[in-house]
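I opened the notebook to write down, step by step, what I looked up in this structure.

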Amino acid sequence: MTKGKSRPPKRTPEPGTPQPSTVPNPINVDLDMADWYNPPTLEEEAQEPEAAIEAPPEPLLPRKSEGPGRVIAVLSGKPGTGKSTIAANLAAAIARGQGLTTAIVDLSLQFGDQALMFDAGSSPSLVDVLVNIDALTPDFLLDCMHQGPDLRILSAPPSPELADLVDARHLQVIMEHLRAMFDCVVLDCSSHLTDITIEAMDTADSLVVITTPYLPAVKDTKLLLKTLSDLGVPARKLTAVLNRMEPALKMSLDVLEANLKFPISVELPHTPGALIESVTEGVPYVLEKPGSEWGQKITLLAGHLLRPSGGAERRQRRGFLGLRG
C-alpha cells in the first residue's frame with residue numbers, strides 16, 4: 001500500500017494580519033467606471049469647477065438712423081481678391097468710425113471666413129437661425145450672432161454640406177429683421193451668382209465690386225459687371241474697388257478701366273504682410289492701423305457708401321474720393 005503525501009498543517013494567522021476577501025474581484029472593469037467604484041466625497045465635489053455659462057449677448061446700442069438700415073453687399077467675380085477682408089474692414093470702419101449699429105453677414109455659405117476675421121467661434125451661425133425662421137424674433141436672431149468690436153457677426157455654416165439648408169427665402173426673412181435692428185448691414189457675398197447672392201444684390205442699397213490688377217480677375221470682373229447690367233442693376237448702385245495696386249504693375253489704370261468698361265473709384269495699396277497679420281490676430285486692420293493709407297481709404301469708402309447721393313455722383317466724376325494716383 002502506497003502512502004499518500006501528507007498535507008501541510010494549517011497555519012493560524014497572527015492577529016492583525018489582513019485576510020483575503022471572499023468576494024471575487026470584478027473582471028475586465030472598464031477604466032471609465034473608476035468613479036463608480038470610488039465616488040468623490042462631498043468635499044471633492046465642492047472643489048470641482050462649475051461648467052462655464054455663456055454670457056448673453058450685449059444689448060444693441062440705440063440706432064442713429066430712422067427707417068430701414070442701409071445694406072451694403074460686397075461682391076467679387078474671382079475668389080482670392082481680398083473680398084472678405086475688405087468686407088470685414090468696411091463693417092468695422094462703419095461701426096467704429098461712423099458710430100452706427102452694424103452687422104456683417106457671411107454669405108459665403110460653404111467656406112465663409114468672417115468668424116475668423118473677428119476671432120469669433122464657428123457656432124452659432126446662419127444655420128441656427130433656421131430653427132426659428134418662421135417665428136423669428138430680434139432676441140433670437142441676436143442669440144445667433146457673435147459680438148465683435150462694436151458690431152455683430154452672423155457667421156456662415158460651420159461645415160460646407162450645411163450650406164444647402166439656407167435658401168433665398170430664409171435670407172429675405174433674416175434681412176427684414178436686420179434692417180430694422182441695425183443702422184447698417186454688410187453682406188459678404190459668395191463669388192458665385194447663386195439665388196442667395198442675387199437676393200443679396202436685390203436687398204442691397206449699394207454693391208461694392210472688388211477686383212485686382214491681374215488679368216484673370218479683370219476678366220471675371222468684366223463678366224460680373226456685364227451680368228449685373230443684364231440683371232437690371234443700376235450703375236449708380238455700384239462702386240468698383242481695385243485691391244492690391246502695385247506701382248510696378250505693367251497694366252495701367254486707364255487700360256484696366258478700358259477693359260472693365262467701368263471706372264475704378266478706390267485703389268487699395270498692396271500690403272500683404274500687414275493684412276495677413278491682422279487676419280491671424282482676428283482684428284480688422286482698419287482698427288489696428290486706422291491712420292495707414294489702407295485704413296484711411298477704407299474709412300473714406302465707408303463714409304461715401306453711407307451718403308445717399310454717393311453712388312449717383314460716381315458715374316459723373318472719376319475718382320470721387322480723391323484717392324486716385
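Which residue in strand 6 is the bridge partner of A73? I looked it up and found that the partner of A73 is L207. Before going on, I noted that I am working with a predicted model, in which local features need pLDDT of at least 70 and side-chain atom pairs count only at pLDDT 80 or more, while totals for chains, interfaces and linings use all residues. I also noted that residues are numbered from 1 along each chain as its sequence is written, and that side-chain values use heavy atoms, with hydrogens and water left out.

**Entry: strand 1**

I took helices (H or I, at least four residues) and strands (E, at least two) as DSSP runs, numbered from the N terminus. Strands count as paired if DSSP finds at least two bridges between them. Strand 1 pairs with strand 6 (residues 206-211) in the parallel sense, over five bridges. With strand 5, strand 1 also pairs in the parallel sense over five bridges, and there I found R70 standing opposite C184. Six of the seven residues of strand 1 are buried, so I wrote the strand down as mostly covered.

**Entry: salt bridges**

I counted a salt bridge where a side-chain nitrogen of Lys or Arg lies within 4 Å of a carboxyl oxygen of Asp or Glu, and the structure holds nine of them. In one of these, the side chains of R63 and D183 meet at 3.1 Å, N to O. This pair links distant parts of the chain, 120 residues apart: R63 is in the loop between helix 2 (42-47) and strand 1 (70-76), and D183 is in the loop between helix 7 (168-181) and strand 5 (184-188). R63 is partly exposed at 23% relative accessible area, whereas D183 is buried at 3%.

I next followed K78, which forms a salt bridge with D220, the closest N and O atoms being 3.6 Å apart. Here too distant parts of the chain are linked, since K78 is in the loop between strand 1 and helix 3 and D220 is in helix 9 (residues 215-230), 142 residues apart. D220 also forms a salt bridge with K219, with the closest N and O atoms 2.8 Å apart.

**Entry: aromatic rings**

Rings of Phe, Tyr and Trp (its six-membered ring) pair if their centres lie within 6.5 Å, with planes under 30 degrees apart counted as stacked, over 60 as edge-to-face and the rest as tilted. By this rule I found one aromatic pair. Y285 and W294 form it, edge-to-face, at 5.9 Å centre to centre and 75° between the planes. Y285 is buried at 10% relative accessible area, and W294 is buried at 1%.

Technical notes:
Buried < 20%, exposed > 50% of the residue type's maximum accessible area, 1.4 Å probe, protein only.
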